[in-house]
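Hi,

Here is the structure I promised to pass on. Have a look first, and my notes on it follow below.

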Amino acid sequence: MPLTLRAINAELAKRGHTALLENGNGYFYFVGGEAAGWLDRTVQVPKVSSLTLDQWVEEFDKLKKLNAGVFGSAKGKRVDSRKRSAEL
């Protein structure tokens, strides 16, 4: 049985995720749920069958961690401009 978006999305839901995998033009991307605010949400493969079901789930997990890291490091670097002005 060939791998489908429906099967991948069902597996993500089974694992408690609310994001969905969608088809782009020569790539795939995650939308909604956890992926709603992600800066990087794409997987550069031409066909859904380019990866196995487990590999799709791994890609989702990688992107989730990557985006958490991006937002985590951005939060750590935030500086209160009033405090910074007082220091100068």
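Tyr-27 is partly exposed, at 29% relative accessible area, and Tyr-29 is also partly exposed, at 23% (buried is under 20%, exposed over 50%, partly exposed in between, with a 1.4 Å probe and protein chains only). This is a predicted model, where local features need pLDDT of at least 70 and side-chain atom pairs count only at pLDDT 80 or more, while totals for chains, interfaces and linings use all residues. Residues are numbered from 1 along each chain as its sequence is written, and side-chain values use heavy atoms, leaving out hydrogens and water.

On to the rings. I get 5 aromatic pairs, taking Phe, Tyr and Trp rings (the six-membered one for Trp) with centres within 6.5 Å; planes under 30 degrees apart are stacked, over 60 edge-to-face, the rest tilted. Tyr-27 and Tyr-29 make a tilted pair, 5.9 Å between centres and 40° between planes. Trp-38 and Phe-60 are tilted as well, at 5.4 Å and 40°. That pair joins distant parts of the chain, 22 residues apart: Trp-38 sits in the loop between β2 (28-31) and β3 (42-43), Phe-60 in helix α2. (Helices are DSSP runs of H or I, at least four residues; strands are E, at least two; numbering is from the N terminus.) Trp-38 is buried at 8% and Phe-60 at 0%. Ring pairs tie both into a cluster with Phe-30.

Also in α2 (residues 53-76) is Asn-67, buried at 2%. Beyond neighbours within four places in sequence, Asn-67 contacts Trp-38, Leu-39 and Asp-40 (heavy atoms within 4.5 Å).

Cheers
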